[in-house]
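Q: I'm new to this one and would like a walk through it. Can you show it to me first?

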Amino acid sequence: MLQDEINRRRTFAIISHPDAGKTTLTEKLLLFGGAIHVAGAVKSNKIKKTATSDWMEIEKQRGISVATSVMGFNYGDYKINILDTPGHQDFAEDTFRTLTAVDSVIIVVDVAKGVETQTRRLMEVCRMRNTPVIIFVNKLDREGRDPFDILDELEQELKISVRPLSWPINIGAKFKGVYNIYEQGLDLFTPSKQTISERVEIADVADPQVDELVGETDAAKLREDLELIEGVYPEFDREAYLRGEVAPVFFGSALNTFGVKELLDCFVEIAPCPQPIMAQEREVKPGEDQFTGFVFKIHANMDPNHRSCIAFVKVCSGKFERNAPYSHMRLGKQLRFAAPTAFMAQKKNIVDEAFPGDIVGIPDNGNFKIGDTLTQGEQLHFKGLPSFSPEMFKYIENADPMKAKQLDKGIRQLMDEGVAQMFTNQFNGRKIIGTVGQLQFEVIQYRLLHEYGAQCRWEPISLYKACWIESDDEKELEAFKRRKHQFMATDKDGRDVFLADSGYVLQMAQSDFPAIRFHFASEF
Ligand code: G4P
């Protein structure tokens, strides 16, 4: 039954600041799911620190990552889909888009470092979408901060209420284990990369057995802490979690496979199954008979000899079937997919069917753009994630006059793939590429050359932010565009964008033109 398939699915992403332990945690979850058998088997999507200046190395590592883009496995009665996100922050936009395809998120935080920049930004996206989040505080086997401080910081920095569902007993060299508040048990810590910790069931922390197991001092501290937690934090409320208002918090050590099973067991129970998704026309429920889905990611094959891509389609409703005719909304065409792949236990296999929450990989030669919708005929358009103002801007210029056409085509296709954002300056017609990090410029230049035979050159432009502007007052809008004509551009959809060259200029513009709304994201 379709509904049974939906109810047992959990589609989520693990996000973190680089180095907090996302890759390690992912690997341990796969270990529990039987998807891999030894630790160290996951070829991570992580771009190693040493490779930041070595572009070819990054290519290689990104090439590998198709296989780990989606990791599906069964755990008990549940079908779990983990959507991987790039570890390098220059590719943060990929991560934002992946978040449009998940129903919940696990955030990994390093106990010594607390909330870091990347986590904060990713959480903003979760908050926009009311995505339920669970937080895993990692590396308790190392010296770190006081857990109460961490909880306060999580609340303040991530702007979400928290509720600990497990609690650490001491930390670092003296780390004894965690008390599982959710299931009322004591998990004793033994450092090990492969084995799973022993659980001691105790009815009550007052049990003298606790003193024997962790020592009197730590037992007394644990009792005190738990009392404080019960006093300060309201009971865990699953509904509030599902609304994205409160984040349950777990403590552990991913490297030592400690606290991971507790996290997983609680996760499958409380995390949402595939949820309804808003299309422009209406809300689409996963249990509807008719198949619908959208493309949230396109992965290019880096082999210059076959420029082919995989489009990742999230199934939103109904059942996806191989070779069935589906309507591609933007192209207004019917397409059949003969070789859709799914990702199970580290393998990419051709599949005959897929259900809501699943991700299907479709080999593609340029039919798909990020955000494209597939249906069985109904006119529907799923809303993607808005584009955010890039952080870095450069003019892109043609460095080989003989290859102007190739360059145009290459830029267009790379933008469709979501590699970066492009704006066209209305004053001089020049094209401006906006990214979140320097690496994206290198990716574009490299791929234009190797896949399209085109050469580009970057020229500096000093910009602070791209703002999408709108107003109910047509006259004022026109007056603004006239005054700022040198800084007006259009985005890929032809919308008006004001390119502010400094924070001050933006502030002045806002106060001089009160009837104009300035947005830092493209959907409002
Ligand atoms: P990321 O994907 O979030 O970037 O982090 P990753 O899992 O790669 O972990 C970053 C580093 O932290 C790795 O060490 C990893 O072994 C370590 N780590 C992860 N979990 C724990 C933990 O619970 N305790 C301790 N002590 N360390 C942990 P590395 O030296 O950078 O890499 P590697 O050479 O060990 O792979």
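A: One term first: buried means under 20% relative accessible area, exposed means over 50%, and partly exposed is in between, with a 1.4 Å probe and protein chains only as cover. Helices (H or I, at least four residues) and strands (E, at least two) are DSSP runs numbered from the N terminus. This is a predicted model, where local features need pLDDT of at least 70, side-chain atom pairs count only at pLDDT 80 or more, and totals for chains, interfaces and linings use all residues. Residues are numbered from 1 along each chain as its sequence is written, and side-chain values use heavy atoms, with hydrogens and water left out.

Q: OK. Which residues of α2 are buried?
A: K22, L25, T26, E27, K28, L29, L30, L31 and F32 are buried in α2. That is nine of the 11 residues, so the helix is largely enclosed by the rest of the structure.

Q: What covers the buried residues of α2?
A: The cover includes the strands β1 (9-16), β2 (70-75), β3 (78-83), β4 and β5 (133-138), and also α10 (260-270). Just after α2, G34 takes a positive phi of about 70°.

Q: Now the ligand. How many residues surround the ligand?
A: There are 18 residues around the ligand, and the closest are D19, K22, T23, T24 and S253.

Q: Which side chains have an N or O atom listed with a ligand oxygen?
A: One of them is T23, with an N or O atom of its side chain 2.4 Å from an oxygen atom of the ligand. For K139, a polar side-chain atom lies 3.1 Å from a ligand oxygen. For S16, the side-chain N or O atom is 3.4 Å from an oxygen atom of the ligand. A polar contact is a pair of N or O atoms within 3.5 Å; within protein, one must be able to donate a hydrogen and the other to accept it, and residues adjacent in sequence count only if both atoms are side-chain atoms.

Q: Changing topic: how many salt bridges does the count come to?
A: The count comes to 36. A salt bridge is a side-chain nitrogen of Lys or Arg within 4 Å of a carboxyl oxygen of Asp or Glu.

Q: Give me one. Which residue forms a salt bridge with K314?
A: D103 does, and the closest N and O atoms are 3.7 Å apart. K314 lies in strand β15 (residues 309-317) and D103 in the loop between α4 (92-98) and β4 (104-110), so the pair ties together parts that are 211 residues apart in sequence.

Q: Is K314 buried or exposed?
A: K314 counts as buried, at 2% relative accessibility. D103 counts as buried too, at 7%.

Q: What about R517 and D472, how do their side chains meet?
A: In a salt bridge, at 3.3 Å from N to O. R517 is in strand β31 (residues 516-519) and D472 in the loop between β28 (465-471) and α13 (474-483), so the pair ties together parts 45 residues apart in sequence. R517 is partly exposed, with a relative accessible area of 32%, and D472 is exposed, at 69%.

Q: Where does T373 lie?
A: T373 lies in strand β23, and T373 is buried, with a relative accessible area of 3%. A polar atom of the T373 side chain lies 3.0 Å from the backbone nitrogen of F382.

Q: What else is T373 in contact with?
A: Leaving aside neighbours within four places in sequence, its contacts include G293, F294, S327, H328 and M329. Contact means heavy atoms within 4.5 Å.

Q: Last one: how many helices and strands does the protein chain have?
A: The protein chain has 14 helices and 31 strands. Of its 524 residues, 55% count as buried.

Terms used. Near = heavy atom within 4 Å.
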